[in-house]
Every structure is written in C-alpha cells, then in structure tokens.
Amino acid sequence: MGLVQVATTTVTSAVASVTLTGIDTEDCVYMVTGNNVISVNDGTTLRARVTVGGTAQTGTNYARANKELKANTSFSNDSATQSAFYIANTIGSDTNEQQNLILYLYNFYSSSEFPFITNEVVGITSSGNLQGRQGGGVYTATAQSNDGIQFFAGSGNIESGTFTLYKVV
C-alpha cells in the first residue's frame with residue numbers, strides 16, 4: 001500500500017472551514033490526516049461534510065457511531081444522525097490542546113453507493129485530558145460523486161492545523 005498526496009492545507013490564522021478536493025476515482029480509497037488541529041473556541045467539536053463540486057453538502061443525513069476513549073473517566077459510546085460527521089469532541093484553543101486524526105474515505109466518488117468514513121482521532125481536550133475516538137459514519141442523502149471533504153468547527157473557527165488528502169494506491 002502506498003499514498004499519493006492529492007491536496008493539503010495548512011491553517012496558520014483562523015478560518016471558517018478547510019476544504020480538501022481532488023477525489024476523482026470511483027474504485028479508490030482515500031485517506032485524510034489532520035495534525036495539530038486547534039479551534040478558536042474552547043470545548044467545540046471538529047466536524048466534516050462531503051463536498052460535491054467543492055461545495056459542502058448540508059442536511060441531516062450524516063449518521064455516526066464512535067467509541068470515545070478517555071484517560072480521565074470511563075469510555076463512552078456516541079451515535080447520532082446530524083448535519084455533519086462529528087470528528088472530535090471538546091477540542092481546545094490552547095497550543096497544548098491539539099487534535100490529530102486519520103480518516104479513511106470509502107465510496108466517495110461512487111454515484112451508486114453511499115460514501116462512508118472510518119476515523120481515528122487522538123488529542124488533548126479543552127479541559128486538558130487525553131481522549132481518543134474511533135468509529136465511522138455514512139452520508140445517506142443520495143448516492144453521488146463526492147469530490148472532497150470539508151472540515152469546520154462546531155462554533156467559531158479553526159485556528160491552526162495541517163489537513164492532507166491522499167489517494168491510497
């Protein structure tokens with residue numbers, strides 16, 4: 001297995017969202033990494049949506065299920081259908097409160113199957129606790145050719161981080 005970089009964005013000042021496009025092959029798996037992701041607001045979520053033509057798809061068609069692994073308390077389950085994938089919870093605004101993530105994107109460019117993701121996230125929360133998150137989600141609105149993924153904070157902006165999209169070959 002190898003990786004071919006498709007797109008990358010490094011955030012150095014606050015932005016409302018980060019969009020990575022370039023998914024253009026139906027039978028390929030894609031991978032996204034996020035390194036040292038920090039939000040402007042404390043205690044918000046990092047969320048993601050699929051894109052078509054570079055435009056994020058809205059609506060309440062994002063189903064997710066995750067196991068949250070917490071160093072300071074017992075593990076928990078998280079599942080819901082909402083307006084975006086919830087990638088990381090309680091992200092922080094301090095430089096020590098960054099999140100790091102790996103997502104795998106499946107069926108994204110298929111016009112006959114629903115796109116879905118698997119996610120692995122680890123970081124320091126806004127309260128200074130180590131937390132991991134493993135799980136996935138599916139976008140169930142319509143089977144369509146999605147060309148990318150958009151990340152945004154649940155409130156406020158993304159302050160910093162590097163997001164990279166790869167094709168798995």
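Which side chains meet in a salt bridge at 2.7 Å, N to O? They are those of D78 and R64, and point 3 returns to them.

1. Basis of the note. The model is predicted, so local features need pLDDT of at least 70 and side-chain atom pairs count only at pLDDT 80 or more, while totals for chains, interfaces and linings use all residues. Residues are numbered from 1 along each chain as its sequence is written, and side-chain values use heavy atoms, with hydrogens and water left out.

2. The core. The largest nonpolar core has 29 residues. A nonpolar core is a set of buried Ala, Val, Leu, Ile, Met, Phe, Trp, Tyr and Cys residues joined through side-chain atoms within 4.5 Å. Buried means under 20% relative accessible area, exposed means over 50%, and partly exposed is in between, with a 1.4 Å probe and protein chains only. The members that touch the most other members are L20, L46, I87, L105 and F151. Strand β8 (residues 85-91) gives the most to this core, with 4 residues. Strands here are DSSP runs (E, at least two residues), as helices are (H or I, at least four), numbered from the N terminus. Leaving aside residues up to four places away in sequence, L20 has contacts that include V32, I149, F151, F163 and L165; contact means heavy atoms within 4.5 Å. Among the other residues that L20 touches are T8, D147 and G148.

3. The structure holds 5 salt bridges, where a salt bridge is a side-chain nitrogen of Lys or Arg within 4 Å of a carboxyl oxygen of Asp or Glu. One of them joins the side chains of D78 and R64. D78 lies in strand β7 and R64 in strand β6, so this pair ties together parts 14 residues apart in sequence. Both D78 and R64 are buried. Another salt bridge is formed by the side chains of R133 and E68, at 2.2 Å, N to O. That pair links distant parts of the chain, with R133 in strand β11 (residues 130-139) and E68 in strand β6, 65 residues apart. R133 and E68 are both buried. Through shared partners, salt bridges join R64, E68, K70, D78 and R133 into one network.

4. A salt bridge between K167 and D24. The side chains of K167 and D24 meet at 3.9 Å, N to O. Here too the pair links distant parts of the chain: K167 is in strand β13 (residues 158-168) and D24 is in the loop between β2 (17-21) and β3 (29-39), 143 residues apart. K167 is buried, with a relative accessible area of 19%. D24, at 48% relative accessibility, counts as partly exposed.

5. Aromatic pairs. There are 4 aromatic pairs in the whole structure. Rings of Phe, Tyr and Trp (its six-membered ring) pair if their centres lie within 6.5 Å; planes under 30 degrees apart count as stacked, over 60 as edge-to-face and the rest as tilted. The rings of Y62 and F85 have centres 4.9 Å apart and planes at 85°, so they are edge-to-face. Y62 is in strand β6 and F85 in strand β8, 23 residues apart, and both are buried. The rings of Y106 and F116 are stacked, because their centres are 4.8 Å apart and their planes are at 15°. Y106 lies in strand β9 and F116 in strand β10, so the pair ties together parts 10 residues apart in sequence. Y106 is partly exposed at 26% relative accessible area, and F116 is partly exposed at 32%. Ring pairs also link Y62, F85 and Y139 into a cluster.

6. Two loop residues. Is S110 buried or exposed? S110 is buried, with a relative accessible area of 1%, and lies in the loop between β9 (99-106) and β10 (116-124). Not counting residues up to four places away in sequence, S110 touches E26, A143, Q144 and S145. N72, in the loop between β6 (62-70) and β7 (76-82), is partly exposed, with a relative accessible area of 47%.
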